[in-house]
Amino acid sequence: MASAESELQQRKALALAAHDASGRVTPIHISRRDTGDNDVAIKILYCGICHSDLHTIKNDWRNAIYPVVAGHEITGLVTDVGKNVSRFKVGDRVGVGCMVNTCQSCESCKDGFENYCSKIVYTYNSRDRDGTVTYGGYSDMVVVNQRFVVRFPDGMPLDGGAPLLCAGITVYTPMKYHGLNEPGKSVGVIGLGGLGHVAVKFAKAFGMRVTVISTSPEKEEEAMEKLGVDTFVVSTDPNQMKSVMGTMHVIINTASASMSMYPYLGLLKPQGKMILLGLPVKPLEISAFALVGGKPVLKKKGVLLRQDSGRELYGSVGDTQEMIDFAAEHGVTADIELVGAEDVNWAMERLAKGEVRYRFVIDVGNTLVAA
Ligand SMILES: [Zn+2]
Ligand SMILES: [Zn+2]
């Protein structure tokens, strides 16, 4: 019987899915593949809520494949491994970030830059190589090829560490590849949200001098005292902006709203770089004059290695492991608000308004349970 056979090769999982552009999530049952020879099955305990999740479930990028099960900041425990898996065993603490498959044979894959593979399969809302649509971490379990699984060191919490799998690697990679991970370098961080606060923590761990440029004066006290920011500038105050003109080697721009680049580019030192990490829905405003004067270089995320690629998102799995190990060593974690599965819709509304300090993480293990 064909149906019995296909049931044998699949297992049921519980998930929170969005069904249309309202973005509202509700519990559903989904199928996960059985553990293949190279697979690791993971009981999901936590999953961060990334701004990309919100954009995707609301179909802001016009690419949603409903039902969408979002989530690419996944942490949990290994429950089962395939026969070729030697790096992981049952009970290991692990994480899965933004990708779950690639061709595994092209030059990028062979060189350990699988995030540049043209056949990359994202953790959710993407077609896997077998044609199935991928479902992310708003779910009680997932099966992932071992190559895309990251080990969590003992000291790294699974809740506060989860957001590092997207937010962390997204800020770590450009710091590493643009040579910014050196004491004394000066970095500006635009936007103090999920990405921005992690950028501040990594920059401080590297010994950099950090200026936060924010539209929210009320974030100043916490930024200076809790995050150790050296200078806080309110972007709508021309005098404050003037006081930091030409002082930054690099600006990490995490703003997810469209904005004029002109005033910000003036903050860079000559040969400075602005790295765009936020993904606003509307086009950015950039005047050619802003780029010509003083020669700042506008870079997309992690673009240094492959300027011709349109897919330089996130970071490789190797870099993600390195980032997690570095974070564990330096005590870098995200500041999170833990929410239950029943509160995800409410959390999404607050995220849309920028009301989270600084990342929501879903307590999947304790709250996503069958009714
Ligand atoms: Zn993300
Ligand atoms: Zn490849």
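How do strand E3 and strand E8 pair, and over how many bridges? Strand E3 (residues 39-49) and E8 pair in the antiparallel sense over five bridges, where pairing requires that DSSP finds at least two bridges between the strands. The structure is a predicted model, in which local features need pLDDT of at least 70 and side-chain atom pairs count only at pLDDT 80 or more, while totals for chains, interfaces and linings use all residues. Residues are numbered from 1 along each chain as its sequence is written, and chains are lettered from A and ligands numbered from 1 in the order in which they are written.

**The chain as a whole**

- Of the 371 residues of the protein chain, 49% count as buried; a residue is buried if 20 or more other C-beta atoms, placed from the backbone, lie within 10 Å of its own, exposed if 12 or fewer do, and partly exposed in between.
- Among contacts with a separation of 6 or more, 68% are between residues 24 or more positions apart, a contact being two residues whose C-beta atoms, placed from the backbone, lie within 7 Å.

**Strand E8**

- Strand E8 (residues 141-145) is largely enclosed by the rest of the structure, because five of its five residues are buried.
- In a regular strand the side chains alternate between the two faces of the sheet.
- In E8, Met-141, Val-143 and Asn-145 point one way and Val-142 and Val-144 the other way, and all are buried.
- Within the pairing of E3 and E8, Val-142 of E8 is the bridge partner of Ile-42.

**Helix H4 and its surroundings**

- Helix H4 (residues 167-177) packs against helix H10 (residues 317-330) at an angle of about 100°, with their axes 10 Å apart; the axes are lines fitted to C-alpha atoms, for helices over the stretch in contact, and angles run from 0 to 180 degrees between N-to-C directions.
- H4 and H10 are therefore roughly perpendicular to each other, since angles of 65 to 115 degrees count as such, those under 35 as roughly parallel, those over 145 as roughly antiparallel and the rest as oblique.
- On the H4 side the contact is made by Gly-168, Ile-169, Tyr-172, Thr-173 and Lys-176, and on the H10 side by Asp-319, Thr-320, Met-323 and Ala-327.
- H4 is mostly covered, with 10 of its 11 residues buried, and what covers the buried residues includes helix H5 (194-205), strand E13 (248-253), strand E14 (268-276), H10 and strand E17 (359-362).
- Just after H4, Gly-179 takes a positive phi of about 65°.

**Backbone features in the loops**

- Most residues other than glycine have a negative phi, and most peptide bonds are trans.
- The peptide bond from Tyr-66 to Pro-67 is cis, with omega near -5°, and Pro-67 lies in the loop between helix H2 (51-57) and strand E4 (74-81).
- Asn-59 also lies in the loop between H2 and E4 and has a positive phi of about 60° although it is not a glycine; Asn-59 counts as partly exposed because it has 18 C-beta neighbours inside 10 Å.
- A cis peptide bond with omega of about -10° joins Arg-357 and Tyr-358, and Tyr-358 is found in the loop between helix H11 (344-352) and E17.

Note on methods:
Helix = DSSP H or I, 4+ residues; strand = E, 2+ residues; numbered from the N terminus.
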